Amino acid sequence: MIYKVVRYLNNPILERVADPVTEFDTPELHQLVEDMFETMYSSRGIGLAAPQIDVNMRLAVADISVADGDDEDEAGKGNPEDRIVLINPRITSKDGRVSGEEGCLSIPGFREPVSRAKKIVVRAQDVRGDAFEIEAEDLLARVFQHEIDHLNGVLFINHLSSLKRDLIRRKIRKMMKAGEWE
Ligand code: NI
């Protein structure tokens with residue numbers, strides 16, 4: 001099932017801290033993860049956090065193999081081995097700093113450079129509740145940091161100057177009034 005992705009300013013869940021996942025390996029959790037990948041691929045995203053589909057859980061999915069739509073026949077699917085599920089994730093170490101352009105399925109149409117750690121280590125649980133550690137660099141590190149931010153109610157525009165952020169907000173409010181932001 002493809003969920004509707006919640007847009008910034010339309011739902012306060014995007015700016016709230018999400019609750020930890022406590023029940024693992026349930027049919028509901030497996031289905032939710034499956035639906036999140038389906039929703040992410042259909043929106044041509046490379047990461048999606050549960051609050052973005054109005055689900056208050058510390059859960060995010062990512063697959064950077066579909067970045068830039070470089071593999072047309074994989075569009076809408078992705079490869080199972082490229083799928084990453086992060087449940088109750090936390091960053092345990094950060095290294096370096098790099099700026100790169102970022103966007104968000106909840107703030108479509110806007111892309112801005114954001115400074116992030118270049119290399120990180122994340123500790124998380126999988127759908128069965130087993131803990132694991134994953135090292136990420138560059139684009140994957142950026143996606144993880146962006147998605148973990150979502151679980152803390154933080155959006156990429158929170159990393160911009162207040163001037164830039166206000167400009168984006170003003171543009172969105174205009175679109176809301178025109179019924180172009182739903
Ligand atoms: Ni996002």
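This is a predicted model: local features need pLDDT of at least 70, side-chain atom pairs count only at pLDDT 80 or more; totals for chains, interfaces and linings use all residues.
## A buried tryptophan and its neighbours

Residues are numbered from 1 along each chain as its sequence is written, and side-chain values use heavy atoms, leaving out hydrogens and water.

Who sits with Trp-181? The charged end of Arg-7 is over its ring, 4.8 Å from the centre (for this, NZ of Lys or CZ of Arg must be within 6 Å of the ring centre and within 35 degrees of the ring normal).

## Two aromatic pairs

How many aromatic pairs does the structure hold? There are 2. Rings of Phe, Tyr and Trp (its six-membered ring) pair if their centres lie within 6.5 Å; planes under 30 degrees apart are stacked, over 60 edge-to-face, and the rest tilted. Phe-37 and Tyr-41 have ring centres 6.0 Å apart and planes at 25 degrees, so they are stacked. Both lie in helix H1, 4 residues apart, which is about one turn of the helix, and both are buried. (Helices, H or I with at least four residues, and strands, E with at least two, are DSSP runs numbered from the N terminus.)

For Phe-110 and Trp-181, the centres are 6.4 Å apart and the planes at 65 degrees, so that pair is edge-to-face. Phe-110 lies in the loop between strands E4 (98-102) and E5 (112-116), and Trp-181 in the segment after helix H3 (162-177), so the pair ties together parts 71 residues apart in sequence.

## The nonpolar core

A nonpolar core is a set of buried Ala, Val, Leu, Ile, Met, Phe, Trp, Tyr and Cys residues joined through side-chain atoms within 4.5 Å. The largest one has 19 residues, and Met-36, Leu-59, Val-61 and Val-85 touch the most other members. H1 (27-42), E2 (59-62) and E3 (84-95) each supply at least two of its residues, with the largest share, 7 residues, coming from H1.

Leaving aside residues up to four places away in sequence, Val-61 touches several residues, among them Val-33, Met-36 and Ile-84 (contact means heavy atoms within 4.5 Å).

Most residues other than glycine have a negative phi. Leu-9, in the segment before H1, has a positive phi of about 80 degrees. Asp-54, in the loop between E1 (47-49) and E2, has one near 65 degrees.

Key. Buried means under 20% relative accessible area, exposed over 50%, partly exposed in between (1.4 Å probe, protein chains only).
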